[in-house]
Amino acid sequence: GLLSIFAMVNSTIQQMSNNEVRGRVMSIYTFMFVGSHPIGSILIGYMTENIGIMNAFRFNAFVLLVGLAVMMYTTRNVPRLQV
């Protein structure tokens, strides 16, 4: 399932970006996707040691939901793909 999602996100980003900036967009996507894992692993490890596993999961779920709400609110006028 994850591989399907990764492939779909990758192809969607490439389809939505202009030819002139596609390389830059993909480099930022790759940096955020691959480069954020080590930092996130350190942070989640620190949190689980100090506040416990369940509280770390709860905190991260809350941050994810807030980020999703902000993204949905700010991207209302983004053009959608025509399939």
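Residues are numbered from 1 along each chain as its sequence is written, and side-chain values use heavy atoms, leaving out hydrogens and water. Since the model is predicted, local features need pLDDT of at least 70 and side-chain atom pairs count only at pLDDT 80 or more, while totals for chains, interfaces and linings use all residues.

Take helix α1 (residues 2-16) and α2 to begin with: their axes come within 10 Å and cross at roughly 150 degrees. Axes here are lines fitted to C-alpha atoms, for helices over the stretch in contact, with angles running from 0 to 180 degrees between N-to-C directions. Helices themselves are DSSP runs (H or I, at least four residues), numbered from the N terminus. The angle therefore makes α1 roughly antiparallel to α2, a label for angles over 145 degrees. On the α1 side, F6, V9, N10, I13 and Q14 make the contact, and α2 answers with R22, V25, M26, Y29 and F33; contact means heavy atoms within 4.5 Å. Sorted by class, that contact has 7 nonpolar, 2 polar and 1 charged residues. Nonpolar covers Ala, Val, Leu, Ile, Met, Phe, Trp, Tyr, Cys and Pro, charged covers Asp, Glu, Lys and Arg, and the others, Gly among them, are polar.

Moving along, α2 and α3 pack with their axes 7 Å apart, at an angle of about 130 degrees. From α2, I44, M47, T48 and I51 meet I53, N55, A56, F59 and N60 of α3.

As for the largest pocket, its lining is made up of M32, S36, H37, G40, S41, I44, N60, V63 and L64. Lining residues have an atom within 4 Å of a point of the pocket, an open set on a 1 Å grid over the protein atoms alone where a 1.4 Å probe fits, with protein on both sides within 12 Å along at least five of seven lines. α2 gives the most to this lining, with 6 residues. The lining splits into 4 nonpolar and 5 polar residues, with no charged ones.

Note on methods. Helices (H or I, at least four residues) and strands (E, at least two) are DSSP runs, numbered from the N terminus. Angles under 35 degrees count as roughly parallel, over 145 as roughly antiparallel, 65 to 115 as roughly perpendicular and the rest as oblique.
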